[in-house]
Amino acid sequence: MNQSIETDDIGVVYLAFGYEYCIQAVRSVCSLKTIHPDLNVSIVTNIPLNSTIDGAINYNETEVGPELFDEVVYIDDETDTNRQYKTSINKYTPYGKTLFLDCDTIVKREIVQGFQFLNYADLAAVPRPIPSRAMSERWDGDIHVGGIDIEDTTTFYSGVFFFNTDTTSDFFASWNSRFDSFGYQYDQYSFTNAIIETDVDYLPLPILWNTMDTDINRYKEFDEGYEFKQNIKIHHQNYLTASRMLRLRKIENEVGDDLLNVENQRAEKIRTDFRNDYSNFKIAKQKISQYKSVAWMYKKMNDLVPIPDP
């Protein structure tokens, strides 16, 4: 029998260090609130933000806002320390049951029922189908737990996961400690390491809960008659494209005047830097190339056009 969920004790938390990630988070929140307008949302950020904007955002013919976040947790720290806070996100969530979402996610279908997983497990996340080749090449060969080869064990995506705050403190302490000790820019392997070396009760979720761009092609013919793409719950848009940059630029143009809660001079510089990054052809090409790990994706950059001002 399903246990009930107290809606006041559940919510979504984003970590957005750097202004461009705040704008990505706004887009993700808009997608979330078109489906779950009353679900609690918090953001942990090093950019002083207002929780509300003036008016509302039209997202897919649905008005979202003016309240975007129920809580803004401001941290005065450098942007490149963001994963220190991600691996300790349990300390910053106000909810007993939390869904952590990366900023570059789009909610496509109802997801609130996912909190029910936390009636039966401490942590729920999506396993990778195979370990990332790019990350494995940068790794020492094992995950530092009993000499287990990384190619022989399950690894997990760490951009979408549910967790119980009260029962995962050991897991997060291990994740953060391992992330520090590995000296590695990615956090997926230390995530797996923490699952193995702690007694956290975890539940693997199907790929529908965290579908990467590459997964759409990988699973489109997974099962005859199953419409995979139409059943995606959370699309993790980990590839940056020119069209997506344009959409983010338009969102920033709409909300930027109200989103930043800083003195005018600093706010103007933050916004100017963002607009330059998302409007200049050469910079856009460089930024997109950082997200491409497959050769054919690089080829698409040749088709880029300069992003015009809205």
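The views below show a predicted model, in which local features need pLDDT of at least 70 and side-chain atom pairs count only at pLDDT 80 or more, whereas totals for chains, interfaces and linings use all residues. Residues are numbered from 1 along each chain as its sequence is written, and side-chain values use heavy atoms, with hydrogens and water left out.

**Figure 1. Overall content of the protein chain.** The secondary structure comprises ten helices and twelve strands; helices (H or I, at least four residues) and strands (E, at least two) are DSSP runs numbered from the N terminus. Of the 310 residues of the protein chain, 52% count as buried. Contact means heavy atoms within 4.5 Å. Among contacts between residues at least 6 apart in sequence, 77% join residues at least 24 apart.

**Figure 2. Cysteine sites in a structure without disulfides.** The structure holds zero disulfides, a disulfide being a pair of cysteine sulfur atoms within 2.5 Å. For Cys 22, the closest cysteine sulfur belongs to Cys 103 and lies 7.1 Å away, which is too far for a bond. Cys 22 has a relative accessible area of 1% and is therefore buried. Cys 30 likewise counts as buried, because its relative accessibility is 1%.

Figure 3. Gln 24 lies in helix H1, which spans residues 19-35. With a relative accessibility of 5%, Gln 24 counts as buried. Leaving aside residues up to four places away in sequence, Gln 24 touches Cys 103, Asp 104, Arg 244, Leu 248 and Tyr 278. Between Gln 24 and Thr 105 the C-alpha to C-alpha distance is 8.2 Å, at a sequence separation of 81 residues.

**Figure 4. Packing of helix H4 against helix H5.** The axes of H4 (residues 169-182) and H5 (residues 188-197) come within 8 Å and cross at roughly 135°. H4 is therefore oblique to H5; angles under 35 degrees count as roughly parallel, over 145 as roughly antiparallel, 65 to 115 as roughly perpendicular and the rest as oblique. Axes are lines fitted to C-alpha atoms, for helices over the stretch in contact, and angles run from 0 to 180 degrees between N-to-C directions. On the H4 side, Phe 171, Ser 174, Trp 175, Arg 178, Phe 179 and Phe 182 meet Ser 190, Phe 191, Asn 193, Ala 194, Ile 195 and Glu 197 of H5.

Conventions:
Buried < 20%, exposed > 50% of the residue type's maximum accessible area, 1.4 Å probe, protein only.
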